[in-house]
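Look at the chain and its fold before reading on. The report below goes through sheets, helices and a few single residues in turn.

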Amino acid sequence: MAERFQSFGRATPPAARAIHADDAIALLKGGQARQASLLAYGNGRSYGDSCQNQAGTVIDMRPLNRIRGFNAESGLLEADAGVLLADVIAHAAPHGFFPAVVPGTQFVTLGGAIANDVHGKNHHRRGTFGCHVESFTLLRSDGRSYRCSATDNPRLFRATIGGMGLTGLILSASIRLMWVPSLDIMEKTTRFRDLGEYFDFAEAADQANEYAVAWIDQLAGGRNSGRGLLFTGNHAEHGSHVAVRASGKFSVPFQPPFNVLGRPFLTAFNAAYRWKKGRAAVPRQIEYQGFFFPLDGVRDWNRLYGPKGLFQHQSVVPEEAARTIVPALLEAARQAGQGSLLTVLKRFGAVRSPALLSFPRPGYTLTLDFPNKGAATLALLGELDRMTIAAGGAVNPYKDARMGAATFAASFVDWPRLEALRDPAFMSDFWARTAGSIELRRRGAEAAE
């Protein structure tokens, strides 16, 4: 059971206890859920401990996987919270629709996408996933089901989107998909010599394209520091409307006893990736799987990081600070001797999410992942936190497994408003470690007075 309810980063312990969604629903409707005893668990693609509750029980939401209805004219889809985005894509694609926002994997649940207010390669145009949620049904420990939308229970609506599963149990949701001429993507790859060159044309690339994302050769130093590739894309006018479920024909069948992704491998991988992907001088039409979900075809690829797992660090910094702080973050990782396999840089736009707490905000977001080397890796991550906050930025909570309370509070000043709306029966290890510790200190100070 433990393996089934582990976070994707594998750097934190898996859930010790889990129950079926139907059993949790019965507990909640009967008003029998104990304080801080529950947390919804989708498909385990969160990297940290926002999907774990070691002191309580996680709720397996995957059995709630029915698509309830779809309007092929408007693109409005209603489905259970445990439905995977892969199933949403497969259902809507023949009718010319696609989710307006998708993260880097299609194997996330609908409820998880809402709870984390996930973003994709087109934030500059479509905002976050929460921008396209019409309504959802939320079951709370008072035994009541709430229909939440921008006009019905709007405070719960805003708190639940991006609320990391803490306001109750999302049972089902209605989302609005976007019409696309085909699933295929016309992709263009542009090399850049350094980050200065990337920043010079990033905004123009966003204005001209639905999707834009950059890959950075994180290990390159000296005159090659900051080099990389910018991938831009738009849905092809003439292409496939058939969704092909990633079969995972490649896999990592067992857990290696050590980290496979050492510096020699990463150096070779980066050189090969830059050579292969950077050869395309003109736009080419590719399948959507390769553009949006390149790693979905490799089952359990996270095992390559070794038995201690990986930490992912995603930051966002204001646009005016990016030219200084992004190179500094990359240099800090190099100086620490830590190599990142997947180093991604994107520009966030100004589209506002309805969420009370949402990670994306105008600026640039940098994502790095590191094998867990214990104290050395934690020290680097702490330094990256410090640099990000000092620049006026924020650190992504649903990618995190170790940030401190001060970093979280500086990243999300409205967290007390979520705490006020948190269902008392729901708790996560992340929330206990961050907001929970702030609350305890505050109550202690009040008691001392």
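What is the strand order of the open sheet of 3 strands, and is its pairing parallel or antiparallel? The order is 1-3-2, and the pairing is parallel. This is a predicted model, in which local features need pLDDT of at least 70 and side-chain atom pairs count only at pLDDT 80 or more, while totals for chains, interfaces and linings use all residues. Residues are numbered from 1 along each chain as its sequence is written, and side-chain values use heavy atoms, with hydrogens and water left out.

Some terms come first. Helices (H or I, at least four residues) and strands (E, at least two) are DSSP runs, numbered from the N terminus. Two strands pair if DSSP finds at least two bridges between them.

Strand 2 is joined to strand 3 (residues 57-60) by 4 bridges, and the two run parallel. Leu39 has Val58 in strand 3 as its bridge partner. Helix 1 (residues 21-29) lies across strand 1, strand 2 and strand 3, and runs at about 85 degrees to strand 1. Contact here means heavy atoms within 4.5 Å.

Another open sheet has 5 strands in the order 4-5-9-7-8, with antiparallel pairing. Strand 4 (67-70) and strand 8 (145-149) are its edge strands, each pairing on one side only. From one strand to the next, the twist averages 15 degrees. Strand 7 (residues 133-139) is joined to strand 8 by 5 bridges, and these strands run antiparallel. Within this pair, Phe136 has Cys148 in strand 8 as its bridge partner. Helix 2 (residues 85-92) lies across strand 4 and strand 5 (76-80), at about 35 degrees to strand 4.

In a regular strand the side chains alternate between the two faces of the sheet.

**Strand 11 and its partners**

Which strands pair with strand 11? Strand 11 (residues 185-192) is joined to strand 13 (residues 228-235) by 8 bridges, and the two run antiparallel. Strand 11 also pairs with strand 15 (residues 284-286) in the antiparallel sense, over 3 bridges. Met186 shows both pairings: Asn234 stands opposite Met186 in strand 13, and Gln285 is the bridge partner of Met186 in strand 15.

**Helix 6**

Helix 6 (residues 195-208) has 14 residues and reaches 20 Å from its first C-alpha to its last, close to the 20 Å expected at 1.5 Å a residue. The expected span is 1.5 Å times one less than the number of residues. A kink of about 40 degrees is centred on Phe201; the bend at a residue is the angle between axes fitted to the seven residues ending there and the seven starting there. At the start of helix 6, a side-chain oxygen of Asp194 comes to within 3.2 Å of the backbone nitrogen of Gly196. The buried residues of helix 6 include Leu195, Tyr198, Phe199 and Ala202. Buried means under 20% relative accessible area, exposed over 50%, and partly exposed in between (1.4 Å probe, protein chains only).

**Single residues**

The table lists the accessibility of four residues.

| Residue | Relative accessibility | Class |
|---|---|---|
| Thr267 | 45% | partly exposed |
| Thr377 | 0% | buried |
| Arg10 | 14% | buried |
| Met164 | 6% | buried |

Thr267 is in helix 7 (residues 263-277). The C-alpha atoms of Thr267 and Ala220 are separated by 8.4 Å, though these residues are 47 residues apart along the chain.

Thr377 is in helix 10 (residues 375-390). Not counting residues up to four places away in sequence, Thr377 touches Phe311, Gln338, Phe370, Pro371 and Asn372. Why does Thr377 count as buried? Thr377 is buried because its relative accessible area is 0%.

Arg10 lies in the segment before strand 1, and its phi is near 60 degrees, a positive value in a residue other than glycine. Met164 is in the loop between helix 5 (154-160) and strand 9 (169-176). The phi of Met164, near 55 degrees, is a positive value in a residue other than glycine.

Definitions and conventions: Polar contact = N/O pair within 3.5 Å; in protein donor to acceptor, adjacent residues only side chain to side chain. Axes fitted to C-alpha atoms, helices over the stretch in contact; angles between N-to-C directions.
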